[in-house]
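Subject: Structure handover

Hi,

Here is the structure I promised to pass on.

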Amino acid sequence: MGIRYFVNINMNTFYFIAFLSIFFSILVITAKNPVHSILYLVLTFFTFTVHYILLNAQFLAVVNFIVYMGAILVLFLYTLMLINLNKDSEPVKSNMVKIAAVLGGGCLLVVLVGCLKQVGVADPVLLKDPGLGLVQNLGKVLFNEFLLPFEISSLLLLSAMVGAVLLATKDPKPKSV
Amino acid sequence: MELGDIIIKFILVVIIFAISLVVAMYSTYAERKIAAFFQDRIGPNRAGPWGLLQPLCDGAKMFLKEEIIPTNASAFLFIAGPSLAILTACLGSAVIPWGQNIQIGSRVVELQVADINVGVLYIFGVVSLGVYGVMIGGWASNNKYSLLGAIRAASQNISYEISMGLSIIALLMLTGTLSLRELAAQQHDWHWNVLRQPLGFLLFIVCAFAETNRTPFDLPECETELVGGYHTEYSSMKLGFYLFAEYINMFISSAVMATLYWGGYNYPGMDWVLVHTGPTIGPLIGVIVLFAKIFLFIFFFMWVRWTIPRFRYDQLMDLGWKVLIPLAIANIVLTGLISNYL
Amino acid sequence: MESLSNKRKLIESKPLNFWERAYLPAIISGLSITMKHFFRKPVTISYPEEKREFSENFRGMHSLKRDENGKERCTACGLCALSCPAEAITMTAAERQKGEEHLYREEKYAAVYEINMLRCIFCGLCEEACPKEAIYLDGDIVPADYLRKDFIYGKDKLVEAPLNQ
């Protein structure tokens with residue numbers, strides 16, 4: 001019931017959503033106002049959610065929805081709102097930075113062109129098990145086959161958290177000897 | 001899906017939408033009336049008998065007020081803010097099971113718009129989106145008070161989402177399903193989850209207060225410090241949308257609490273009633289029971305509002321991060337231990 | 001330093017015990033207090049329909065009295081206007097004509113008698129000043145209105161209704 005019906009809708013939906021994701025992600029980098037670009041990023045992530053649903057990965061879709069759209073981007077927006085967006089407070093970029101940016105962008109372009117030369121049309125993806133993305137199956141896979149990497153990645157997150165707390169706390173005053 | 005099913009779903013959606021709007025409308029009336037009773041007053045009593053037409057008058061007033069968009073506001077986002085707020089508020093009602101399957105003529109109708117098998121997470125996602133309306137509106141107003149309100153809303157919602165999620169996890173460990181339909185069906189008769197998860201429910205209701213920005217967590221619109229908070233610059237129906245969204249949120253979160261913890265449409269002795277009233281009337285009684293629970297929760301929201309003063313901001317953060325999250329984690333550990341070894 | 005009065009109180013703030021820190025008992029007692037009020041009778045008096053009883057020496061709208069035969073008592077002596085600290089009262093005197101004996105008690109009467117209710121402070125000095133016991137502030141609350149000119153009350157509003165009507 002429900003979402004699973006969408007899977008059978010033809011490829012046109014996919015192409016439409018894919019177009020939207022690319023369209024919005026281009027808007028993210030072209031938007032002048034950082035807050036607008038974050039809002040376009042929200043829309044981009046929303047189209048990703050739809051992609052997950054089209055792939056019948058409901059759990060991933062909802063988690064993407066909650067974590068990226070609902071939490072991380074809210075924090076992005078939160079920090080951007082505090083930035084003074086006036087024109088005159090914009091830092092002046094030196095020529096060195098501009099040259100470095102051109103070089104970096106040029107490298108990226110070379111890589112992209114190189115990749116595109118290799119691209120061929122792949123076979124359409126077939127889901128062998130349509131229930132693969134459901135919570136139950138995902139959980140079973142995560143906690144049996146991939147238990148070790150799963151736990152290690154959680155350790156990684158924990159260490160990142162501890163590091164953030166350490167950075168955020170003020171230095172204690174040096175004790176007088 | 002055949003055409004008949006689609007039509008029935010469509011009718012169901014319209015009914016649920018209408019009910020949420022009417023409940024939200026009359027919540028404003030109930031809020032004023034209940035506030036009056038708590039303060040030994042009478043409350044609105046001039047428009048219609050017992051003031052029952054008051055919400056209609058308020059609505060008409062909202063529509064007829066002048067639309068103001070501040071000169072330096074970004075107009076598109078200024079309008080998008082309240083629209084988003086009310087959109088995300090209404091989205092939540094899609095996965096709530098309003099009752100058992102009901103038989104109308106020869107057709108069996110599900111009283112749920114969509115039975116997603118990650119329904120709990122869906123609700124959670126919609127709730128987490130709710131803050132965008134407030135943030136966008138607050139930022140687009142180009143007013144420092146609105147911006148402060150928006151920032152408060154964002155940090156508050158993110159902080160309390162964590163403990164809300166953790167409190168649900170303890171519940172899900174016991175039930176083993178994310179589908180709200182199954183969750184409701186499991187609590188048949190009197191096997192309500194609140195009996196198994198009292199601490200979890202307490203955490204959940206505190207977080208629900210914070211997520212709906214109700215007192216004592218209404219710092220985003222704290223009028224003593226921030227004039228009007230995020231809706232300082234709003235007027236007319238755009239302000240109405242914000243206020244409406246708050247009441248719809250309250251309705252939906254009451255429905256979610258009733259479904260997750262208080263048995264949804266279940267009530268003791270429902271099998272006996274179902275046998276004696278038949279497959280059409282019986283489920284309807286369940287729907288009425290669910291609505292009774294929802295209204296009790298809405299009353300509780302208002303009762304708390306007129307009892308408890310607002311938190312200070314640091315108290316709010318302390319409560320969220322230093323009390324609720326550790327408690328929620330302890331609740332998870334306890335639930336795991338008890339369900340494994342007892 | 002010694003305190004001047006004995007009213008100074010030292011307030012100790014003890015650290016909260018566990019139940020106080022949990023706040024829940026306090027919240028529940030607060031909720032029960034508000035719930036008690038929920039069922040209490042409202043103290044509101046819905047004004048135009050219900051009226052609170054006035055005290056005996058309440059001073060409301062003025063009325064110009066008649067004597068036992070229904071004649072107006074006022075002789076337009078002007079003492080009330082003189083005594084009025086807000087200068088709210090004005091009047092024009094006129095001589096009683098033949099055939100008007102049943103209307104006015106003395107041979108001089110007030111043809112025009114106006115009180116500006118926006119100026120009046122309801123002090124009651126006019127009442128005390130009146131030698132003929134013609135004016136009393138025994139009426140109701142002066143009602144609200146939209147225009148300033150409507151607050152200037154003439155004889156039509158001030159004089160008591162005739163006796164046998």
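Predicted model: local features only at pLDDT ≥ 70, side-chain atom pairs only at ≥ 80, totals over all residues.

Residues are numbered from 1 along each chain as its sequence is written, and chains are lettered from A and ligands numbered from 1 in the order in which they are written.

**How the chains touch**

I call two residues "in contact" if their C-beta atoms, placed from the backbone, lie within 7 Å. On that basis 2 pairs of chains touch, and chains A and B have the most contacts. There, 20 residues of chain A meet 23 residues of chain B. The biggest giver on the chain A side is helix 3 (residues 58-82), with 13 residues. (Helices are DSSP runs of H or I with at least four residues, strands are runs of E with at least two, and both are numbered from the N terminus.) By class, the chain A side has 17 nonpolar, 3 polar and no charged residues. For the classes, Ala, Val, Leu, Ile, Met, Phe, Trp, Tyr, Cys and Pro count as nonpolar, Asp, Glu, Lys and Arg as charged, and the others, Gly among them, as polar.

Chain B also touches chain C, with 10 residues from chain B and 11 residues from chain C. The chain C side splits into 5 nonpolar, 5 polar and 1 charged. Chains A and C have no contact, and their closest C-alpha atoms lie 26 Å apart.

Axes here are lines fitted to C-alpha atoms, for helices over the stretch in contact, and angles run from 0 to 180 degrees between N-to-C directions. Under 35 degrees counts as roughly parallel, over 145 as roughly antiparallel, 65 to 115 as roughly perpendicular and the rest as oblique. A crossing is left-handed if the near helix is turned anticlockwise from the far one by less than a right angle, and right-handed if clockwise.

Start with helix 3 of chain B (residues 75-91), whose axis comes within 8 Å of that of helix 10 of chain B (residues 236-260), crossing at roughly 20°. So helix 3 of chain B is roughly parallel to helix 10 of chain B, and their crossing is left-handed. The contact divides into 12 nonpolar, 2 polar and 1 charged. Residues in it include B:Ile79, B:Ile86 and B:Cys90 from helix 3 of chain B, and B:Phe241, B:Phe244 and B:Ile248 from helix 10 of chain B.

Helix 3 of chain B also packs on helix 4 of chain B (residues 119-140), where the axes come within 7 Å and cross at roughly 165°. That angle is why helix 3 of chain B counts as roughly antiparallel to helix 4 of chain B. This crossing is left-handed too. Among the residues that meet are B:Gly81 and B:Leu84 in helix 3 of chain B, and B:Gly130, B:Gly133 and B:Gly137 in helix 4 of chain B. By class the contact has 14 nonpolar, 5 polar and no charged residues.

What about helix 8 (residues 198-211) and helix 12 (residues 313-341) of chain B: at what angle do they pack? It is about 150°, with the axes 10 Å apart, so helix 8 of chain B and helix 12 of chain B are roughly antiparallel. Their crossing is left-handed. The contact includes B:Leu203 of helix 8 of chain B and B:Asn331 of helix 12 of chain B, and its residues divide into 7 nonpolar, 2 polar and no charged.

**The sheet in chain C**

Chain C has an open sheet of 3 strands in the order 2-3-5, with antiparallel pairing. Strands pair if DSSP finds at least two bridges between them. At the edges are strand 2 (89-95) and strand 5 (152-153) of chain C, each pairing on one side only. Strand 2 of chain C is joined to strand 3 of chain C (residues 108-116) by 7 bridges, including C:Thr92 with C:Val112 and C:Ile89 with C:Ile115. Strand 3 of chain C pairs with strand 5 of chain C over 2 bridges, and there C:Ile115 has C:Tyr153 as its partner.

Cheers
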